[in-house]
Structure formats: structure tokens, C-alpha cells
Amino acid sequence: MDMTERVSVLILYVALVYHVGAAKKVMPVAGPDIYKNKNLDQDKLVPGEKINNVISFGAKANGKFDCTQAFMDAWRATCHSKVQARLLVPVGTFVLSSMFFAGPCSTPEPVTIQVVGTIAATTDLSEYENNEWLLFEDVDGIKIIGGGTFDGVGKNSWKTATNCKEDPDSTCVRNPSSIYFHRIKNGIIQNVKSTNPKGFHIFVTNCANIRLRRLNLTAPEESPNTDGIHISQSIDVEVAKNTIETGDDCIAMLHGSHQVSINNVNCGPGHGISIGSLGKYEEELEVKDIRVNNVSMVGTENGVRIKTWPDRYAGNASNITFSDITMQNVKNPIVIDQEYQCSSKCKGSLVKLQDVVFSNIKGTTTSPIAVDLRCSDKFPCESIKLENIGLSLKSKPTGSRCANIKPIYEGLQNPPGCL
Ligand SMILES: *[C@@H]1O[C@H](CO)[C@@H](O)[C@H](O)[C@H]1NC(C)=O
Ligand SMILES: *[C@@H]1O[C@H](CO)[C@@H](O)[C@H](O)[C@H]1NC(C)=O
Ligand SMILES: *[C@@H]1O[C@H](CO)[C@@H](O)[C@H](O)[C@H]1NC(C)=O
Ligand SMILES: *[C@@H]1O[C@H](CO)[C@@H](O)[C@H](O)[C@H]1NC(C)=O
């Protein structure tokens with residue numbers, strides 16, 4: 001691209017961002033769950049299933065050849081088939097630029113993408129005008145499986161990354177996510193690896209009935225903005241049996257996260273499991289019905305955290321449970337921060353937090369404040385319960401801090417509660 005092309009792409013891009021920001025936000029409708037009561041751990045070819053091997057479409061497994069056109073052709077054949085179909089990525093390394101796996105598909109659902117080898121991203125950021133790497137959009141019924149790897153080859157892009165989460169003006173441009181699920185219903189990503197994404201490993205937005213299981217997501221601790229799983233505006237998302245070692249949040253649930261269940265996950269390094277930040281944009285959808293259970297955190301910056309921006313926009317987060325969580329050397333194990341990114345004079349957040357349970361959270365911290373609950377003076381937190389908390393700081397005692405909250409304490413409390 002020459003300079004004027006670059007400038008016009010940038011202007012178009014900024015216009016799109018503002019347009020998206022201004023669009024009325026609505027929740028997707030869940031509809032029927034096609035996987036309910038099915039054994040999802042098995043991958044059986046259905047009789048007559050068509051296998052579209054990307055090599056037959058011109059892809060080369062040599063780690064150099066740009067396979068984008070071959071994958072697009074293979075996807076088209078898989079998405080528009082009269083019989084059940086799958087796209088197969090065999091052993092080897094296939095280089096792909098930014099690409100849409102767009103629906104709707106006419107193939108009997110679900111379509112399968114079986115990744116046995118490695119899909120590696122190109123490194124030139126100017127090829128990522130869609131701002132994501134692999135975009136899956138408008139498909140009802142899709143399974144991504146196969147034991148293979150999505151390699152974002154992100155290292156060079158991290159050097160120039162800005163931290164969008166901390167940017168109060170939200171003008172910053174995120175690095176591309178490796179797997180972007182947009183308006184997907186009945187989607188499964190199971191038994192694959194993601195390594196070194198430029199931005200998030202997996203971004204789920206405007207989706208319903210999604211399962212993310214047996215994933216291994218890895219990136220260096222110092223890689224910026226590399227959230228493991230980033231969820232917004234989605235209903236019925238099940239996250240289970242994953243290992244997430246990354247530079248940013250292990251799992252982040254943003255506005256419009258409804259019915260998210262997280263089970264049996266190992267996090268660390270990284271920034272822990274968080275809800276928010278909320279209240280940064282106008283007309284954010286509420287966060288509700290979140291269950292985080294049986295999670296182990298090792299060496300993370302935060303453990304479980306809810307964060308909202310002070311004095312910006314209204315919002316709600318409620319019916320959230322964090323239970324059976326073990327922590328090892330976690331800096332900030334339990335956090336409610338309604339003064340997110342606020343330096344000295346903060347005004348109260350307009351986001352209301354209620355019905356939150358922290359239950360059976362045990363282990364070690366590196367901070368003298370293990371339980372830090374700072375709520376809004378405008379909308380104090382309501383019915384926040386802590387039960388059986390056991391956090392220790394080597395041999396020294398550790399403490400709690402509370403603002404605009406009257407926690408309900410039950411069972412063991414170490415650190416002692418605020419009362
Ligand atoms: C995840 O992948 C990394 C890198 O390939 C590997 O070292 C690690 O053992 C894997 N972890 C699990 C739990 O499979
Ligand atoms: C909790 O998670 C660990 C691994 O993270 C797993 O080994 C264990 O079986 C899980 N326990 C339950 C009760 O699900
Ligand atoms: C809270 O969330 C759980 C899990 O999603 C759900 O089963 C329950 O009905 C919700 N409770 C209320 C009061 O909405
Ligand atoms: C938050 O909840 C209150 C009480 O249910 C409701 O009146 C308000 O409209 C909600 N606000 C947002 C932004 O969801």
C-alpha cells in the first residue's frame with residue numbers, strides 16, 4: 001500500500017470502529033442446542049462424510065507458501081456441500097493470512113474443521129485490515145478439532161502493541177485475535193492448541209451455545225493483550241478442561257456475557273479470570289449468570305476479579321459465583337475494583353454489582369491485601385458473600401480492604417473480614 005491508500009484504509013477503519021461502537025447492542029438468541037446430551041469427545045466420521053483436504057485445493061505444507069486461497073476454496077466446498085463435510089488440515093505447517101470462514105453454510109450441520117498440523121499466521125500487519133486473523137462468522141454448527149496448532153507468530157507485533165484495556169479513549173487498535181467467533185451458534189473448539197497470538201487467542205462475540213474444551217493456549221508472560229478466552233455479548237458458553245498460560249487475562253468476560261460456565265481450568269502465568277472492565281461504553285449489556293468452578297491459578301497477577309470504570313456509563317453485573325479455586329503465589333487473589341485505571345480523584349462507578357459469591361478459595365498470595373473489595377459510592381455492592389477463604393502470605397498475616405460494601409462472611413476467613 002502507498003501512503004494515500006494507507007490513510008484511506010485507516011479512515012475507513014476508524015469510521016467502522018465508531019460505527020460499531022455506536023450500534024445498538026442486542027443479545028443473540030440461543031435457539032436449540034444441537035450438541036445437548038451428545039458425547040462430544042468422540043470424532044466419528046459420519047457415513048458418506050466428504051473430506052476436503054486443503055492439499056487437494058492447492059495448499060502446501062512447507063511453512064512458506066501462502067495457503068489463503070487454497071483454504072478459501074476448501075472452506076467454500078465444505079460450507080456448501082450436499083452431504084456432511086469437513087475441511088482437513090493434515091500434518092505440516094500451512095501459512096495463512098487473515099481469512100474469513102463465512103457462513104451461512106448449506107452443509108448438514110455441523111461442519112468440521114479438523115486441524116492435525118499447524119496453521120501459522122503471516123507477519124505483515126497491513127494484511128490484517130479485518131483486525132483479526134481467522135474470522136468465523138454466521139455459521140450455525142461448527143466444530144474445530146484435531147489436536148493441531150494455531151500459531152499466531154505474534155512476537156514482532158507485540159513490540160508495537162498498545163494496551164487497549166487501559167486506554168480510556170478507546171481509540172487504540174487491537175492486534176488481531178487468532179480465532180475470532182462472530183455470530184456463531186453451536187460452535188465447538190476442542191482439543192487444539194493456540195500459541196503466540198498477535199492479540200487474543202480466542203475471541204467469542206455475538207455467539208450462542210459455544211463450547212471451548214481441552215484447549216492448550218500458550219504465550220509468554222510478557223506478551224501484551226494476549227487474553228486466552230475473551231467473551232462478550234454471548235449466551236451459553238461452556239469453558240472446560242483448558243490450560244491457559246498467557247500474557248494477559250486467562251479468561252475475560254465483558255459486557256453481555258450470559259450463562260458462562262468455566263470448569264476445570266489451569267491458569268498461569270497471566271492476569272487471571274476477570275469480569276470486565278465494564279462501564280466504559282454507552283449501552284453496555286449486563287453480565288449475569290456466571291459460574292467459575294474448580295480453577296487452579298499459579299503465579300498470576302490477579303486471581304478472580306471484577307473491574308469497572310469509574311464515572312462513565314451505567315451497567316449491571318449479577319449472579320456470579322467463583323468456587324473451589326486454588327491459588328499459588330497469586331498477587332491479587334480476590335478483587336472488586338470499581339476504580340479501574342483511576343489515579344487520584346475518582347468519581348463513583350455507575351455499574352451496579354450484586355449477588356456475587358466467592359466460595360472455597362485457598363492458597364498463597366504475594367500481597368499484604370489478599371481480599372480487595374472497592375465498590376462504587378454511587379452504587380454500593382449488594383449481597384456479596386465470602387465463604388471459606390484461606391489465603392496466606394508466607395508466614396506473615398495478610399489483610400482485607402473494603403469500600404462501599406458490607407460483605408456477608410461465612411465459614412473460615414483468612415484474611416479476616418473487614419468488619
Ligand atoms: C501445552 O502446549 C505446550 C507447548 O506446546 C506444552 O509445552 C505443554 O506441555 C502443553 N500443556 C498441556 C497441558 O498439554
Ligand atoms: C478439578 O480440576 C482438576 C484439573 O484442573 C482435575 O484434575 C479435577 O478432576 C477437577 N475436579 C473436579 C471435581 O472436577
Ligand atoms: C444464576 O445463574 C445460574 C447459572 O447460570 C442459573 O442456573 C440460575 O438460574 C441463576 N439464578 C438466577 C436467580 O437468575
Ligand atoms: C441495571 O439494573 C437496574 C435494576 O434492575 C435497571 O433498572 C437498569 O436499567 C439496568 N441498567 C443497565 C445499564 O443494564
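Of the 419 residues of the protein, 45% count as buried, and the model described here is a predicted one. The secondary structure comes to three helices and 30 strands, and the C-alpha trace spans about 70 × 50 × 40 Å along its principal axes. The radius of gyration is 22 Å, which agrees with the value near 22 Å that a compact globule of 419 residues would have.

- In soluble globular proteins, nonpolar side chains tend to be buried together.
- In this model the largest nonpolar core has 97 residues, and those with the most contacts inside it are F94, F181, V204 and M253; the largest share of this core, six residues, is contributed by strand 24, which covers residues 315-330.
- V204, one of the residues with the most contacts inside the core, touches F181, I210, I229, I231, S234 and V237 when residues up to four places away in sequence are not counted.

**The annotated position H271**

- The UniProt record, an unreviewed entry, places the feature "active site" at H271.
- H271 lies in the loop between strand 20 (257-267) and strand 21 (273-278), and this residue counts as buried because 26 C-beta neighbours are found inside 10 Å, where 20 or more are required.
- Once its neighbours within four places in sequence are left aside, H271 is in contact with D248, D249, T300, E301 and N302.

**Surroundings of the ligands**

- Ligand 1 is surrounded by K193, N216, T218 and T243, a shell that by class has no nonpolar, three polar and one charged residues.
- Around ligand 3 the residues are Q259, D289, R291 and N319, and this shell divides into no nonpolar, two polar and two charged residues.
- Around ligand 4 the residues are E286, A314, G315, N316 and K352, which divide into one nonpolar, two polar and two charged.

- L96 is found in strand 4, which covers residues 93-96, and it counts as buried because it has 22 C-beta neighbours inside 10 Å.
- With its neighbours within four places in sequence left aside, L96 is in contact with C67, T68, F71, I119 and A121.
- L96 and L391 are 295 residues apart in sequence, and from C-alpha to C-alpha they are 46 Å apart in space.
- N191 is found in the loop between strand 12 (185-190) and strand 13 (193-195), and this residue is partly exposed, since 18 other C-beta atoms lie within 10 Å.
- The contacts of N191, leaving aside its neighbours within four places in sequence, are with I145, G147 and R214.
- N191 and V115 are 76 residues apart along the chain, and their C-alpha atoms are separated by 9.6 Å.

Terms used
Residues are numbered from 1 along each chain as its sequence is written. Chains are lettered from A and ligands numbered from 1 in the order in which they are written. This is a predicted model: local features need pLDDT of at least 70, side-chain atom pairs count only at pLDDT 80 or more; totals for chains, interfaces and linings use all residues. A residue is near a molecule or strand if its C-beta atom, placed from the backbone, lies within 6 Å of it. Ala, Val, Leu, Ile, Met, Phe, Trp, Tyr, Cys and Pro count as nonpolar, Asp, Glu, Lys and Arg as charged, and the others, Gly among them, as polar. A nonpolar core is a set of buried Ala, Val, Leu, Ile, Met, Phe, Trp, Tyr and Cys residues joined through C-beta atoms within 7 Å. A residue is buried if 20 or more other C-beta atoms lie within 10 Å of its own, exposed if 12 or fewer, and partly exposed in between; C-beta atoms are placed from the backbone. Helices (H or I, at least four residues) and strands (E, at least two) are DSSP runs, numbered from the N terminus. Two residues are in contact if their C-beta atoms, placed from the backbone, lie within 7 Å. UniProt positions are given in the numbering used here, feature names are shortened, and annotations may be inferred rather than shown by experiment. The radius of gyration is taken over C-alpha atoms; the globule rule is 2.2 Å times the number of residues to the power 0.38.
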